[in-house]
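Work through the exercises below with the sequence and the model at hand. Try each task before reading its solution.

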Amino acid sequence: MVEIIDFDVQQTPIDGLALIRMKQVREERGTVREFFRASAFEAAGIPLPAFQQVNVTETNPGAIRGMHGESMVKLIAIAHGTAWGAWVDTRPESPTRGAVFQTALEPGTQILVPEGVCNGFQSTGNSPTQYVYCFTSEWVPGMTGVALTPLDPALGIEWPLPVDTEDRSSVSAKDLAAPTLAEVLGEGA
């Protein structure tokens, strides 16, 4: 039996951040997912990103990566496993500045992340999560961008698994030391 899941795009509370369901064909042998099809993006009214770099991270269950908002557009997806994703709009001129969006991620789900929107996730499930990042610019040390601490209570992110802030395999010292949303937005200074 063959099941076809059509390409679908849903807007989120963050301007320009789109939740995408990849076109998928499921059958007895498994699943084929269209990771990227230019005509589907064009038909959905999404400007075609010109990817310059693609990374895959493998993250152990419970570990958090992020929140990072570099000066590049990202298309992210789960290749294996599951994750809880979170995004925060830190763009100075955005009508949704300060907005947070979070959702469960699994294979077949993508997020198109605008430049300057912070991206982070926690690996969930029983096996490592393989998280794919397509970037419109090559990442270089010191590139323009913003970072937030993923554990800022003001973000309201509901990380599903407990986080041990003393355990570097759970969250990096760099991510813990990143500023809060209020600091990035210049509030209370």
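Predicted model: local features only at pLDDT ≥ 70, side-chain atom pairs only at ≥ 80, totals over all residues.

**Exercise 1. The chain as a whole**

Task: Describe the secondary structure of the protein chain and decide how its radius of gyration compares with that of a compact globule.

Solution: 
- Step 1. Count the elements: the protein chain has 14 strands and three helices.
- Step 2. Take the extent: the C-alpha trace spans about 60 × 35 × 30 Å along its principal axes.
- Step 3. A compact globule of 189 residues would have a radius of gyration near 16 Å, and the protein chain has 17 Å, so the two agree.
- Step 4. Look at the contacts. Of those with a separation of 6 or more, 75% join residues 24 or more positions apart.

**Exercise 2. The largest pocket**

Task: State the volume of the largest pocket, and find which element gives the largest share of its lining.

Solution: 
- Step 1. The largest pocket holds about 660 Å³ of space.
- Step 2. Its lining has 30 residues, and His 68, Glu 70, Trp 139, Lys 174 and Asp 175 are the closest to the centre.
- Step 3. Two or more lining residues come from each of β6 (53-59), β7 (64-70), β12 (117-124), β13 (129-135), β14 (145-147) and α2 (173-177).
- Step 4. The largest share belongs to β7, with six residues.
- Step 5. Sorted by class, the lining has 13 polar, ten nonpolar and seven charged residues.

**Exercise 3. The second largest pocket**

Task: Give the volume of the second largest pocket and sort its lining by class.

Solution: 
- Step 1. The volume is about 190 Å³.
- Step 2. The lining residues include Gln 11, Gly 16, Ile 46, Pro 47, Val 73 and Leu 112.
- Step 3. Eight of the lining residues are nonpolar and two are polar, with no charged residue.

**Exercise 4. Gln 110**

Solution: 
- Step 1. Locate the residue: Gln 110 is in strand β11 (residues 109-113).
- Step 2. Apply the cut-off. Buried means under 20% relative accessible area; Gln 110 has 1% relative accessibility and therefore counts as buried.
- Step 3. List the surroundings. Beyond its neighbours within four places in sequence, Gln 110 is in contact with residues including Leu 19, Ile 20, Met 22, Phe 35, Phe 41 and Leu 75.

Notes:
Residues numbered from 1 in each chain as written. Heavy atoms only, no water. 1 Å grid on protein atoms, 1.4 Å probe; cavity = no way out; pocket = protein on both sides within 12 Å on 5 of 7 lines; lining within 4 Å. Points joined across faces, edges and corners; volume = space filled by probe spheres on them. Helix = DSSP H or I, 4+ residues; strand = E, 2+ residues; numbered from the N terminus. Nonpolar A, V, L, I, M, F, W, Y, C, P; charged D, E, K, R; others polar. Buried < 20%, exposed > 50% of the residue type's maximum accessible area, 1.4 Å probe, protein only. Contact = heavy atoms within 4.5 Å. Rg over C-alpha atoms; globule rule 2.2 N^0.38 Å.
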